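Let's take a tour of a protein model, from the inside out. Have the sequence and the 3D view ready.

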Amino acid sequence: MGSLDLLLEGFASALSPQNLLFAFIGVLLGTLVGVLPGIGPAMTVALLLPITFTVPPAAALIMFAGIYYGGMYGGSTTSILLNTPGESASIVTALEGNKMARAGRGAQALATAAIGSFVAGTIGTLLLSLVAVPVADWATSLTSADYFALTVLAFCTVAAMLGSSPLRGIASLAVGLYLGLIGIDNLTGQSRFAMGIDELNRGIPVVIAAVGLFAVGEAIYVASRLRHGPVHVIPVSRTWGLPKADLKRSWKPWLRGTFIGFPIGAVPAGGADVTTFLSYAAERKLAGKNNEFGKGAIEGVAGPEAANNAAAAGVLVPLLTLGLPTSATAAVMLAAFTSYGIQPGPLLFDTKPELVWALIASLYLGNVLLLVLNLPLAGIWVKLLQIPRPYLYGGILVCASLGAFASSQSTAGLLVLVVIGALGFAMRRYGWPVAPAVLGLILGPVAEENLRKALQISQGDAGVLLSSAFSKIMFGLAVLAVVLPLILRVRARNRARGASQSN
């Protein structure tokens, strides 16, 4: 059966009344939580992950896709209206979007973000449909050593790109790798790092760890710095839609951002962060000298938002075909798959075609639902931003606790949540990025398993790790991902020192 026939079957499944309802609920919840201050897509997905455990796998993944895309869009609202990016990928949107809002053009900024997200998400999902199967077929030829090299590349790129320094990113990754080692060793049956606690022999539950690091850690961090007084929200006009002049200025950045975002998001070293900066730089350069950049240029919102959402679709390519999450949100999505006993990878399209194609079809529907939902309801989302932060984060802690107890069915889950949440707070307090820790927790066991398999096949010869051209390229890119930011940082420091001395 061809990919088109499978996609049509996916649409038939996704358009059933039950699954369509779950898609709508996912989009609504994702946007609802995503627009709240300080909550990005990764935290949104982690916070709402436990509610998918009570529904069938197909419905859960469809709802999860809606949560994913809804959370991605919701971050732009806080960036534009509050100048509070939910994650690093929304920083660029805040640069011009908040200035547009302060100039009384917040409605236009939100509209171009919504329409750009729809355009980029639809094109990105179409490209995902076209390339996913060929990539999965190619991935079946990879050896255990090749997979280990891929995981090392994912570790190095995410650790080096996120956070204030590559070293802190690598340190955060090491924390996640350590957490992933806790529990019973599948090969030897011995207990590792459990400290005599029976509950830890089952390992750290990924869902509880993700919710603790993102939601609980963020709530405690915000509480430690909470200031009295309401959050200042910029009023938004109720006149929606884009004037012809703004539409003319936006459609080219939408397309450029899409084709910048998807390829970079699709490679294992990709992600949404770099794409938004590249799109912003491209639009600023193409605008020439007489432009509004720095004062509220609509191109500076349209391009990065399109790149962000196209990269979100691109990130699903390595996630579904290789089982490699290249962003924090994708890492939490991988946890959702594994919670149902589904292992993303080259065989997923053969073993679970009905699930994966229903998921892809639901992405198309999710984009339409997002556009229909967000344009008329943006005024309501703005009112949600006025919730006092003590009540807001108190509610987050309640939801996180209920989710941890529901997933573990014991008070041990709550204790683990508290400890992991305290760890998340400490990481934020000292500038350690959280995403590499989640990635290490999830991918660490995968890397360990493939490393052991490769060494067993080669009878302990470590040279097998560099036996193929593919693994050599992956290790080379991994070294470059760590070394290049350090070199650029040293050069920038030396340049700034030279400039200060000349003055």
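## Before we start

Helices here are DSSP runs of H or I with at least four residues, numbered from the N terminus. The model is predicted, so local features need pLDDT of at least 70 and side-chain atom pairs count only at pLDDT 80 or more, while totals for chains, interfaces and linings use all residues. Residues are numbered from 1 along each chain as its sequence is written, and side-chain values use heavy atoms, leaving out hydrogens and water.

## The cores

A nonpolar core is a set of buried Ala, Val, Leu, Ile, Met, Phe, Trp, Tyr and Cys residues joined through side-chain atoms within 4.5 Å. Buried means under 20% relative accessible area, exposed means over 50%, and partly exposed is in between (1.4 Å probe, protein chains only).

The largest core has 104 residues, and Tyr68, Ile80, Leu128, Leu316 and Leu320 touch the most other members. Helix H4 (residues 57-82) gives this core its largest share, 14 residues. Zoom in on Leu316: beyond residues up to four places away in sequence, Leu316 touches Tyr68, Leu128, Met333 and Leu363 (contact means heavy atoms within 4.5 Å). There's also a second, separate core of 25 residues, with Tyr147, Phe155, Val464 and Ala478 among them.

Is Leu488 buried or partly exposed? Leu488 counts as partly exposed because its relative accessibility is 47%.

Ser471 sits in helix H19 too, but Ser471 is buried, at 0% relative accessible area. Setting aside neighbours within four places in sequence, Ser471 contacts Ala145, Asp146, Ala149, Leu465 and Leu466.

Note on methods
Helix = DSSP H or I, 4+ residues; strand = E, 2+ residues; numbered from the N terminus.
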